[in-house]
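Morning, everyone. I have one structure to walk through today. Please take a look at it first.

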Amino acid sequence: MTPERIPPHARILQLATSSWMSAAVSAAATLGVADALADGPRGVGELASAVDAHPPTLYRLLRACTEFGLFEELDGQVFILTDVGHALRSDSANSMRAFARWVGEPAERYTWSNLVTSVRTGQPAFEVTHGRDVWDFMAGHPDTAAVFNDAMTSASNQMIAPAVRAYDFTGLRRIVDVGGGHGALLAETLRAYPDLHGVLYDQADVVAGAGESLRAAGVADRVDIVAGSFFDAVPPGADAYLLSNVIHDWDDDASGRILTRVRDAMSPAARVLLVEVLMPSKPEPSPTVKLMDLNMLVLCGGKQRTEAEFSDLLRGAGLELTRIVPGGFCSVVEGARA
């Protein structure tokens, strides 16, 4: 039955309980069920031993997850992975396990319970929920920060990297990945352009975990790792400054300060590249983008922006929007010094 044909009260029930589905997917990801099923069908008792779970209760979770296509149940309480379920495997080429784990973390899930507070005040709900802002919380909770960083890496691999692949870096010699996390996106770019050198720039506790992933990608010898805050300064001397899903974390005032620091570091010929999910300029179906916008609101007071809003933001920092390169889910918003 399509959503249009579901009775209104039933549709509301379906929408209101969608968070239950999210929690179930996250639980399956955290337990590592997909990894345990990677080699083929297994009974629930064997699975429970593999993932350290209570067999009857694990069965209830897996039975529910069959309803949204993660697993298929065979006779005798035996389960197998579906094509979608394979994306919950840690070793899958399109793995989203880390991201699924993150949405079940209390830091994320409990914050959404105060969405109404954000709507009433225009302020992020995270501090109301957890007693400090999201960045201070992450600094004080390294286990949660590790889950978050892994989630951002998986999102980068699956949703952001295609946008960067759509951009032509030919002829550039040096790129700074501003707020680049563990360097997954920078590594992807350097692999595609063997003559390109990179600078990974983020806070010290973040870039401390980047070395191994850069070595595994075979690009460590072409990356300088620099620790610092993009509110204070940005490393100079690059042909391009890449900010991937950085600006959407911040309100217009903070975003303007970040972009001003980037402009300060840019030569006249350099470019700033904002990899972002664009909010449609006109009313049209785009549920994921609109929910991402709310997520930025409750977590950190950020937002998803339209093309016009990016243009205004860049102009306020002494930059100008030169073009937008679409790349699937994300786009590259290119700017130059005005």
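Which residue in S10 is the bridge partner of proline 326? Serine 331. Before I go on, this is a predicted model: local features need pLDDT of at least 70, side-chain atom pairs count only at pLDDT 80 or more, and totals for chains, interfaces and linings use all residues. Residues are numbered from 1 along each chain as its sequence is written, and side-chain values use heavy atoms, with hydrogens and water left out.

Back to the strands. S9 covers residues 319-327 and S10 covers residues 330-337. They run antiparallel, joined by eight bridges. Strands pair if DSSP finds at least two bridges between them. Strands are DSSP E runs of at least two residues, helices are H or I runs of at least four, and both are numbered from the N terminus. S9 and S10 make a hairpin with two residues between them. Glycine 328, in the turn, has a positive phi of about 90°.

Next, the cavity. A cavity is a set of points on a 1 Å grid, over the protein atoms alone, where a 1.4 Å probe fits but cannot get out; lining residues have an atom within 4 Å of a point. A volume is the space filled by probe spheres set on the points, which are joined across faces, edges and corners. The search of the whole structure finds one cavity of 30 Å³ or more. The largest cavity holds about 40 Å³. Its lining is Val164, Arg165, Phe169, Glu188, Thr189, Ala192 and Tyr193. Helix H13 (184-192) gives the largest share of that lining, three residues.

Two of those lining residues lead to the rings. Rings of Phe, Tyr and Trp (its six-membered ring) pair if their centres lie within 6.5 Å; planes under 30 degrees apart are stacked, over 60 edge-to-face, the rest tilted. That rule gives nine aromatic pairs. Phenylalanine 169 and tyrosine 193 have ring centres 5.6 Å apart and planes at 65°, so they are edge-to-face. The two residues sit 24 residues apart in the chain.

Phenylalanine 230 and tryptophan 250 are another edge-to-face pair, at 6.2 Å centre to centre and 90° between the planes. They are 20 residues apart. Both are buried. Together with Trp135 and Phe231, Phe230 and Trp250 form one aromatic cluster.

Notes: 1 Å grid on protein atoms, 1.4 Å probe; cavity = no way out; pocket = protein on both sides within 12 Å on 5 of 7 lines; lining within 4 Å. Buried < 20%, exposed > 50% of the residue type's maximum accessible area, 1.4 Å probe, protein only.
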